[in-house]
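Here are a few notes to read alongside the model. They cover helix packing and then aromatic pairs.

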Amino acid sequence: MQKRAVRIILIAVTIVCAAVVAGGVTLCAVFPNKYVTSVNAAADEFGLDRSLVKSVVWAESRFDRKAKSAKGAAGLMQLMPETFAECATALGMDSGSDMYGVESSLRCGCYYLSVLIDKFDGNITAALMAYNAGEANARKFLDGEKVFAETQKYLHNIARAQKIYGLFC
């Protein structure tokens, strides 16, 4: 365990040094920390790790509040319109809440993620699979079906981003 920790620290120091040498570009330029007050408030409201929420926002929208996927997911946390509406109702938000609004997207996304974590008995990986591929698919993955390549990449990106956000940004 100690060897792994030392290796991670050395890699991190190398990356930071390389970024400084490359003209001041930092990891936080690649892994932005926009809307930090709103992100932290939403994460705290639903008992979520702040670096996890930042990582989900990064993986879903790269902190672009106007992001929209080809499938129709929208906002910072890329919720489908039906999911957003259900979450907004559950939270007692105005029925006309804006999917692209920073606070509304973060609150609904964090609420939804916390619901998934509860449904999967605290298994964050399973909850993230459900967030990305749907709850039914996540249950199939847990039952041994092959995880979609897109979902595997999503989980990898979340894990990588969470390390960075936990250490630096």
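Axes here are lines fitted to C-alpha atoms, for helices over the stretch in contact, and angles run from 0 to 180 degrees between N-to-C directions. This is a predicted model, in which local features need pLDDT of at least 70 and side-chain atom pairs count only at pLDDT 80 or more, while totals for chains, interfaces and linings use all residues. Residues are numbered from 1 along each chain as its sequence is written, and side-chain values use heavy atoms, with hydrogens and water left out.

1. Helix 4 (residues 50-61) packs with helix 7 (residues 124-133) at an angle of about 30 degrees, their axes being 13 Å apart. Helices are DSSP runs of H or I, at least four residues, numbered from the N terminus. Helix 4 and helix 7 are therefore roughly parallel (angles under 35 degrees; over 145 is roughly antiparallel, 65 to 115 roughly perpendicular and the rest oblique). The crossing of helix 4 with helix 7 is right-handed, meaning that the near helix is turned clockwise from the far one by less than a right angle.

2. On the helix 4 side, Leu-52, Val-56 and Glu-60 meet Ile-124, Leu-128 and Tyr-131 of helix 7; contact means heavy atoms within 4.5 Å. By class, this contact has five nonpolar residues, no polar and one charged (Ala, Val, Leu, Ile, Met, Phe, Trp, Tyr, Cys and Pro are nonpolar, Asp, Glu, Lys and Arg charged, the others, Gly among them, polar).

3. How do helix 6 (residues 102-119) and helix 7 cross, and at roughly what angle? Their axes come within 8 Å and cross at roughly 125 degrees, which makes helix 6 oblique to helix 7. This crossing, too, is right-handed. Helix 6 contributes Gly-109, Tyr-112, Leu-113, Leu-116 and Ile-117, and helix 7 contributes Ile-124, Ala-127, Leu-128, Ala-130 and Tyr-131. These residues divide into nine nonpolar, one polar and no charged.

4. The whole structure holds four aromatic pairs (ring centres of Phe, Tyr or Trp, the last by its six-membered ring, within 6.5 Å; planes under 30 degrees apart are stacked, over 60 edge-to-face, the rest tilted). One of them joins Phe-46 and Tyr-111, with centres 5.8 Å apart and planes at 65 degrees, so the pair is edge-to-face. Phe-46 lies in the loop between helix 3 (36-45) and helix 4, and Tyr-111 in helix 6, so the pair ties together parts 65 residues apart in sequence.

5. Phe-46 is buried at 17% relative accessibility, whereas Tyr-111, at 23%, is partly exposed (buried is under 20% relative accessible area, exposed over 50%, partly exposed in between, with a 1.4 Å probe and protein chains only).

6. Tyr-112 and Tyr-131 form a tilted pair, 5.5 Å centre to centre with 45 degrees between the planes. This pair links helix 6 to helix 7 across 19 residues. Tyr-131 is buried, at 9% relative accessible area.

Conventions
Helix = DSSP H or I, 4+ residues; strand = E, 2+ residues; numbered from the N terminus.
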